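User: I'd like to go through this one label by label. Where do the terms come from?

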Amino acid sequence: MAELEAPHQSRLYSDLAPLYDKTFAKFFYARERTVIKDLDIPKGAEILEVGVGTGASFPAYPRGCHVVGIDQAPLMLAQAREKIAKNGWRHLEVMEMDALNLDFADNAFDYVTAFHVVTVVPDPIRMMAEMRRVCRPGGTICVVNHFTTESRFWGPITKSLDPITRRLGWSTDLKLKPFLKDTGFTGCRAYRFSRFSLYTVVVGTNEKE
Ligand SMILES: C[S@@+](CC[C@H](N)C(=O)[O-])C[C@H]1O[C@@H](n2cnc3c(N)ncnc32)[C@H](O)[C@@H]1O
């Protein structure tokens, strides 16, 4: 049997990047804006956004903070850079980087966010470990993503869609509870905006030993 394509290999994040803002980003922004507002980020905060893509979230960050966005897809980043230049945003910058090997020192950021990324990268557990490493002790980690439902009816149906969604650019085979257990990020809060929402917000303090 042919091996399943990894979600991050989807053309969506490379040569189809110009379509992204006209499609996915339109659905994602309202949620990102609410989540970022709820973080109540103070002036002077250092923030890392992992898998920043085209910078859909950018307008939501307060200007008094400094945000670094990283992503592996150069064409997504090109659009993010265009937005930064067009709006004259001096508090934002982007870099090409692998979320699984962050090129930052330990404890470098006050906040580390990732919106709609954990089911795209090849190893979500490693990505969270990297996010926690570069976030200072007592800093905030915030992830927004779709997780496979625990429902005995819908769970297998969602999971069966995985080979299709992988080709589009994301996996539907990641459950929240095992994800949190495997990442050790267990003291966090996980909630959805409504019981019908497909997306879960996971937010918590980065406890370090
Ligand atoms: C669904 S998009 C989300 C983009 C943005 N966060 C948003 O909400 O619009 C997923 C992003 O993850 C990026 N990505 C996938 N694998 C990655 C990796 N290993 N390192 C960094 N970025 C990665 C893709 O290039 C893409 O821009």
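Analyst: Strands are DSSP E runs of at least two residues and helices are H or I runs of at least four, numbered from the N terminus; two strands pair if DSSP finds at least two bridges between them. This is a predicted model, in which local features need pLDDT of at least 70 and side-chain atom pairs count only at pLDDT 80 or more, while totals for chains, interfaces and linings use all residues. Residues are numbered from 1 along each chain as its sequence is written, and side-chain values use heavy atoms, with hydrogens and water left out.

User: What makes β5 and β7 a pair, and in which sense do they run?

Analyst: DSSP finds seven bridges between β5 and β7 (residues 199-205), and the sense is antiparallel. Histidine 146 faces tyrosine 199 of β7, valine 144 faces valine 201, and isoleucine 141 has glycine 204 as its bridge partner.

User: And β4 with β5: how many bridges, parallel or antiparallel?

Analyst: Six bridges, parallel, with β4 covering residues 109-115. Phenylalanine 115 sits opposite valine 144 of β5.

User: How do you know which strands stand at the edges of the sheet?

Analyst: Go by the order, which is β3-β2-β1-β4-β5-β7-β6 in an open sheet of seven strands with mixed pairing. β3 (92-96) and β6 (189-191) each have a single partner strand, so one side of each lacks a neighbour in the sheet. From one strand to the next, the twist averages 15°. β6 and β7 run antiparallel, joined by three bridges, and tyrosine 191 stands across from valine 201 in β7.

User: Why is β5 described as largely enclosed?

Analyst: Because nine of its 12 residues (135-146) are buried, meaning under 20% relative accessible area with a 1.4 Å probe and protein chains only; over 50% is exposed and in between is partly exposed. β7 gets the label too, since five of its seven residues are buried.

User: What is tryptophan 170 counted as, then?

Analyst: Its relative accessibility is 25%, so tryptophan 170 counts as partly exposed. Tryptophan 170 lies in the loop between α6 (162-168) and α7. From tryptophan 170 to valine 203 is 33 residues in sequence and 21 Å in space, C-alpha to C-alpha.

User: Which handedness does the β-α-β unit of β4, α4 and β5 have?

Analyst: Right-handed, with α4 spanning residues 124-134. The test is to point the strands away from the viewer: right-handed means the path from the first strand over the helix to the second runs clockwise.

User: Why is α4 called oblique to α7?

Analyst: The axes of α4 and α7 (residues 176-183) cross at roughly 50° and come within 9 Å. That makes the pair oblique, the class for whatever is left after roughly parallel (under 35 degrees), roughly perpendicular (65 to 115) and roughly antiparallel (over 145). Axes are lines fitted to C-alpha atoms, for helices over the stretch in contact, and angles run from 0 to 180 degrees between N-to-C directions.

User: Which residues of α4 and α7 meet?

Analyst: Pro124, Ile125, Met128 and Arg132 of α4 meet Phe179, Asp182 and Thr183 of α7, where contact means heavy atoms within 4.5 Å.

User: Which residues of α4 are buried?

Analyst: Pro124, Met127, Met128, Glu130, Met131, Arg132 and Val134. Their cover includes β1 (46-50), β4, β5 and α7.
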